[in-house]
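The following note sets out numbered remarks for a colleague who is reading the model alongside its sequence. Please consult the display while going through each point.

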Amino acid sequence: MAKIERFFTLILILALSPLFLIIMLVVGLTLGFPVFYIQDRPGKDGVIFRMFKFRTMLDIYDEQGKLLSDQERLTKFGGFLRSTSLDELPELYNVVRAEMSWVGPRPLLKEYLPLYSALQSRRHEVLPGITGWAQVNGRNSISWEEKFLMDVWYVDNHSFFLDMKIILQTIVKVFKREGISQEGHSTMPFFDGSSNKNTNDQI
């Protein structure tokens with residue numbers, strides 16, 4: 001199954017190569033270089049890999065040399081890329097490298113690893129995905145606890161047919177541009193741990 005997924009991903013990359021080139025050109029002209037945003041993220045079993053996305057923000061600092069908030073650095077074109085999920089396209093490269101899958105829990109910041117409860121850590125039992133169960137059931141408009149419970153539900157219930165359902169629902173969500181962010185944030189607030197980890201060890 002994994003080999004078939006990587007094969008079709010290569011075909012998809014080739015088919016989308018004109019779109020890739022257009023986005024790279026516009027990002028380069030509006031945000032500068034590099035055009036890719038590369039960050040270390042934990043994957044299956046918590047193994048760290050380098051995830052690729054299109055850059056959506058400017059590097060702007062305040063008078064003290066501190067990087068401004070995401071909202072202040074997010075450009076109009078960057079916002080468009082995020083709202084349409086086009087910024088996620090370079091993650092297809094991670095799928096080819098067997099670091100990600102089309103469907104699975106989203107790869108989050110490695111700083112979150114020690115903050116998860118035992119249940120929440122189970123989200124790393126499968127490959128992270130470009131889209132996932134939480135993404136089609138609220139995306140960034142739901143709480144962290146709700147998102148993690150959905151991730152673990154996917155781990156326990158994932159199948160080929162569920163993945164196809166999630167992919168189809170993702171296409172609909174992208175066109176509707178639903179659940180892009182929480183109020184006051186460009187995406188989600190920083191996860192600082194569950195208020196009561198014991199209460200998150202049950203579904």
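1. Arginine 55 touches Val27, Leu31, Gly32, Phe33, Pro34, Val35, Phe36, Tyr37 and Leu81, leaving aside residues up to four places away in sequence; contact here means heavy atoms within 4.5 Å. Arginine 55 sits in the loop between β2 (48-54) and α3 (70-73). Helices (H or I, at least four residues) and strands (E, at least two) are DSSP runs, numbered from the N terminus. Arginine 55 counts as buried because its relative accessibility is 11%. The terms are buried for under 20% relative accessible area, exposed for over 50%, and partly exposed in between, with a 1.4 Å probe and protein chains only.

2. On the basis of this note: the model is predicted, local features need pLDDT of at least 70, side-chain atom pairs count only at pLDDT 80 or more, and totals for chains, interfaces and linings use all residues. Residues are numbered from 1 along each chain as its sequence is written, and side-chain values use heavy atoms, with hydrogens and water left out.

3. Which backbone oxygens does the side chain of arginine 55 reach? One is that of glycine 32, at 3.4 Å; another is that of proline 34, which lies 3.4 Å from a polar atom of the side chain. A polar contact is a pair of N or O atoms within 3.5 Å; within protein, one must be able to donate a hydrogen and the other to accept it, and residues adjacent in sequence count only if both atoms are side-chain atoms.

4. Proline 34 is in the loop between α2 and β1 (36-42). The peptide bond from phenylalanine 33 to proline 34 is cis, with omega near 0°. Most residues other than glycine have a negative phi, and most peptide bonds are trans.

5. Aspartate 45, in the loop between β1 and β2, has a positive phi of about 60°; it counts as exposed because its relative accessibility is 59%. Alanine 98, in the loop between α5 (91-96) and β3 (101-103), has a phi near 65°. With a relative accessible area of 37%, alanine 98 is partly exposed.

6. The largest nonpolar core has 10 residues: Phe20, Ile23, Val27, Leu31, Val35, Phe54, Leu81, Leu86, Leu89 and Leu92. Helix α2 (residues 17-30) gives the largest share of this core, 3 residues. Another core, of 8 residues, lies apart from it and includes Val103, Trp133, Val136 and Leu162. A nonpolar core is a set of buried Ala, Val, Leu, Ile, Met, Phe, Trp, Tyr and Cys residues joined through side-chain atoms within 4.5 Å. Leucine 31, a member of the largest core, touches Val26, Arg55, Thr56, Met57, Leu58, Thr75 and Phe77, not counting residues up to four places away in sequence.

7. How many cavities of 30 Å³ or more are there? The count is 1, and the largest cavity holds about 40 Å³ of space. Its lining consists of Pro42, Pro105, Arg106, Pro107, Leu108, Arg123, His124, Val126, Leu127 and Pro128, divided into 7 nonpolar, 1 polar and 2 charged residues. A cavity is a set of points on a 1 Å grid over the protein atoms alone where a 1.4 Å probe fits but cannot get out, and lining residues have an atom within 4 Å of a point. The volume is the space filled by probe spheres set on the points.

8. Aspartate 151 is in helix α6 (residues 144-157) and counts as buried because its relative accessibility is 3%. Aspartate 151 touches Pro105, Arg123 and Ala134, residues up to four places away in sequence being left out. Pro105 and Arg123 are also among the residues that line the largest cavity.

9. Isoleucine 48, in strand β2, is partly exposed, with a relative accessible area of 40%. Isoleucine 48 and proline 107 are 59 residues apart in sequence and 9.9 Å apart in space, C-alpha to C-alpha.

10. For the chain as a whole, there are 7 helices and 4 strands, in the pattern α-α-β-β-α-α-α-β-β-α-α. Of its 203 residues, 40% count as buried.

How values were computed
On a 1 Å grid over the protein atoms alone, a cavity is a set of points where a 1.4 Å probe fits but cannot get out, and a pocket is an open set with protein on both sides within 12 Å along at least five of seven lines; lining residues have an atom within 4 Å of a point. Ala, Val, Leu, Ile, Met, Phe, Trp, Tyr, Cys and Pro count as nonpolar, Asp, Glu, Lys and Arg as charged, and the others, Gly among them, as polar.
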